[in-house]
Amino acid sequence: MRTATRVGVFGLLGSGNLGNDGSLEAVLGYLRAEHPEAVVDALCGGPEAVTARFGIPATRLHWNRAEYRTASRAGAIAAKGLGKLVDVFRTAAWVRRHDVVIVPGMGVLEATLPLRPWGFPYSLFLLCASGRLLRTRVALVSVGAAEIRNRPTRALVRWSGRLAAYRSYRDAQSRDAMRAMGVDTARDEVYPDLAFALPTTSAAMSSGTVCVGVMDFHGGNDDRARADEIYRRYLDGTIRFVRALVEEGRPVRLLTGDDCDASVVAAILDAVDSALVTAAEPASLADLMNEMAAADAVVAVRYHNLICALKTGTPVLALCYAAKSDALMDRMGLGAYCHPARAVDADRLLEQFRDLEKHSAELRHTLTERNRAAAQQLARQFAALTAALFPATDHAHAHAHREAR
């Protein structure tokens, strides 16, 4: 009798980012449907949250509990250094216990938001190097990538990609970026983001509400010198846009995608003192989709907020902070409705929003067709994943199918 496949999932999961957890939910759905015999656990940022929500055992990603706090005192700096060394052995020991490790989606190969090389890029490199040394297959599944200028981060990301046993990307730009950074992508495929595999919330009756997804946005790695200026311009433009909607009598529902976005919601509520402006507290992508399905239109900045609107068939205008957002909107037929998050112009945003609503009916039809295509492509992604990571299981399934015939 063949033993159960031991599958690990890895990433900044359970840490308050709804998109990351949605990617995990999609992969767990695939495993439970196609490989119910698999024994699954996680190495992640928020193990308690992952276990509580998804019912799988989970281990803390870093030995040093203060990994993401700025270290200024000598003791804290020494603890961080020691943690990096300890994590080499902790990661290898965890990888050794598995047949397969899956990194479910997420922008794990990009630095479009502020990122230090010895944070997550180092952790991902340890994972992929351990997988290669210990002969555990590591799969980067429908991940995001972007060409990185910082040399240490670029090197860690390049080697992580090279050492992984399987790679697929959520858009063509990601694959192109990895090729530009020195990874052979000849056999790598492009599929939609994993969140498109989640159950879809049906559109509700029109309420006149406009959902505005916000983000604690300060630019990316290359914008550190002007991070405050970028944040202020983004926030001021968003406030002006919300205020204009309220003056027209439109209800506005503020949505977040990460715990850190709460401060932006508070700033908007403080600046626009109106009962027409309310805030939701979504705990999952399903919660976001429920909110967006009941809206007439959505304006959002976070990548997975955009996906939630697109999945529900709700017309959405994207505040784009990286090429991945433009690529997503173009793929779904809404490429004309993009606006730069680093330079929000409230007047131009309102003009684009009114055009979006004017074409709402045809855009909803377009989204129905594009969502159907995305579902078919992800079915092919999961079939390819089974063939690459579960060859014995895949053979058994094929044999059972032949026997049934």
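Me: How do the axes of helix α7 and helix α8 cross?
Reply: In this predicted model, the axes of α7 (residues 227-247) and α8 (residues 262-271) come within 10 Å and cross at roughly 45 degrees. Axes are lines fitted to C-alpha atoms over the stretch in contact, with angles from 0 to 180 degrees between N-to-C directions. α7 and α8 are therefore oblique to each other (under 35 degrees is roughly parallel, over 145 roughly antiparallel, 65 to 115 roughly perpendicular, the rest oblique).

Me: Which residues make the contact?
Reply: From α7, Tyr231, Tyr234, Leu235, Thr238, Ile239, Val242 and Arg243; from α8, Val264, Ala267, Ile268 and Ala271. Contact means heavy atoms within 4.5 Å.

Me: What counts as a helix or strand here?
Reply: DSSP runs numbered from the N terminus: H or I of at least four residues for helices, E of at least two for strands.

Me: Switching to α10, how many of its residues are buried?
Reply: 10 of the 10 in α10 (residues 303-312), so the helix is largely enclosed by the rest of the structure. Buried means under 20% relative accessible area, with a 1.4 Å probe and protein chains only.

Me: What follows α10?
Reply: Gly313, with a positive phi near 80 degrees.

Me: And the sheet, what's the strand order?
Reply: β3-β2-β1-β4-β5-β6-β7, an open sheet of seven strands with parallel pairing. Strands pair if DSSP finds at least two bridges between them. The edge strands, β3 (58-60) and β7 (189-190), each pair on one side only.

Me: How many bridges join β2 to β3?
Reply: Three, with β2 spanning residues 39-44. Ala42 has Ala58 in β3 as its bridge partner.

Me: How are residues numbered, and what pLDDT do local features need?
Reply: Numbering starts from 1 along each chain as its sequence is written, and local features need pLDDT of at least 70, side-chain atom pairs 80 or more, while totals for chains, interfaces and linings use all residues. Side-chain values use heavy atoms, leaving out hydrogens and water.

Methods:
Buried < 20%, exposed > 50% of the residue type's maximum accessible area, 1.4 Å probe, protein only.
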